[in-house]
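Dear colleague,

Please find below the structure that I am handing over to you. My findings follow it.

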Amino acid sequence: MGALRTFVTGIAPEHLPAFLVGLLVAVGLPFLRPADRPPFVADRWAVTLLGVAAAVHVALPLGHHHGSYLLQAGFLLDGLAYALLAYFAYLGRGWRVGTALVVPATLVGYLVVVVRGGEDPDQLGIAIALMEIAAAGIALRGLPGWRIVGNIATATLVGVFGAIVWIGSFAAHTAADASSGAPAVASGHDHEHLGRAQAGVIMRPWTGPANPTAAQAKAAADLWTTTRRAMARYATVDDALTAGYAWPLGKHSGPDVHMENKAYRADGRQLDPDRPEMLVFSVANGRSVLLGVVFVMERAGEPGPDPGGPLTRWHAHNLCVSLYPPGIGIVTPYGGCPALSLSGTIPEMMHVWVAPNPAGPFSDSVDPAWSRAYLAEHGAAARNAES
Amino acid sequence: MRRDVVLVLVCVQIGAGVLAMLGELLFMGGNPLYVWEPAVRVLVAAILAGLLHKRIGALVGMMALQVVSLIGVTLSAVAGALPGVVFTPTLTGLLTGVGLPVAILVLCLREWNARHGAPPVSGHAAEVRR
């Protein structure tokens, strides 16, 4: 997926008008200065941060025209409150207490909507929240007795808000995944989960019809049947190791152990049921069982073939690679990595579950509890499985 | 007043940095080796931010820290040219990886200019003193 497309995918389509309005305001407001006096630096920052938040909130109903009146009224009310605070910041007085009160209330409201599944957190929502937190931090710094508390509150709020969004985003992805066993995947933004927080998972949007054609359904079924038949030779991890698959870094047991075959990663073949780039095993107590395979594209950014249309969806992971000590993490909702790390998105991949994964044969993940139960019932003793 | 804004922006960086550290810690099975380096970065940033108004060295250190952050983003973008990985620009990534360090860098630079009696990079002279 191209860089621009990935960037745009991170912003929900219904938020695009608000994003453009916010961008215009963000470019223009820093140049706004009162003519009668030199402004304080903090006031100027507050004008910009609160002004952008106001513009985005006021413009949100432009895209949310199918949303409830209550939600739209909430956006407008919030936007007007921020606009008023930005105006007071422009005047250089009376904005700090209001900002310190309105920002936490807005963030709590947003998180309630996210946690209750009312909205998939997207890049615009997270970016605006970050700007609001910064505005509240600047406000608190200027209130007597709140300077130190303000600093601590700012850092804590950033961390806690990010953590809740991160957890909410993963929960939404898992929930969407669990319900994707059904054939229909809507192409509209309202029903398609695209992980717009882009924190660890980059989904490729499906732009075709929501339901698969007969040919696509048959192609998906054929892919699953062929893969299942070809994978019968990998009963345990011993068979996989013999065939050239290797353990992942530091992980020899678990409900979804991904073993990679480096030779297959660079063999120039795509979606070859005989040579999947990864095998997924459930491994514990000296036993293992094959759950499925992962087809991985050779080059990052290259879209994988989707014979099954909306049924065979690809995704990628944006990861952090820390230099010292060498390690892997995932990109946060703020798009960042730990210090001295590099970030990057690895090639697209698609799971095909040869075991009866309740989430569906092409789901992105497997429920750990189901995997353990499946291992207990179908697992076989393996010499190399960790006991 | 400029120092106040820098302090708040550094606090935002610290919060985001701690979150990233926790993410990697979870991913690497809770191995404490992955704590020390981000923790040192957070500590250094906090100390430098606290000393901004007293020591010119803190100002220089803060600017150096931001330059290191920008180099990291640049290296990530360069690494995206490799076949196995691609650079993914996101709105929040650009905001925290580029916007935030650049903003802190510019504010520190203006503070530096103000302390050395040079005219500010831009803006009103009186504003610098505030």
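Strand 4 (residues 287-296) of chain A is largely enclosed by the rest of the structure, because 9 of its 10 residues are buried (under 20% relative accessible area, with a 1.4 Å probe and protein chains only). Strands here are DSSP runs of E of at least two residues, and helices are runs of H or I of at least four, numbered from the N terminus.

This is a predicted model, in which local features need pLDDT of at least 70, side-chain atom pairs count only at pLDDT 80 or more, and totals for chains, interfaces and linings use all residues. Residues are numbered from 1 along each chain as its sequence is written, chains are lettered from A and ligands numbered from 1 in the order written, and side-chain values use heavy atoms, without hydrogens and water.

Strands pair if DSSP finds at least two bridges between them. Strand 4 of chain A runs antiparallel to strand 3 (residues 278-284) of chain A, with 7 bridges, and V280(A) stands opposite G292(A). Strand 4 also runs antiparallel to strand 9 (residues 349-353) of chain A, through 5 bridges; there V293(A) has V352(A) as its bridge partner.

Yours sincerely

Key: Buried means under 20% relative accessible area, exposed over 50%, partly exposed in between (1.4 Å probe, protein chains only).
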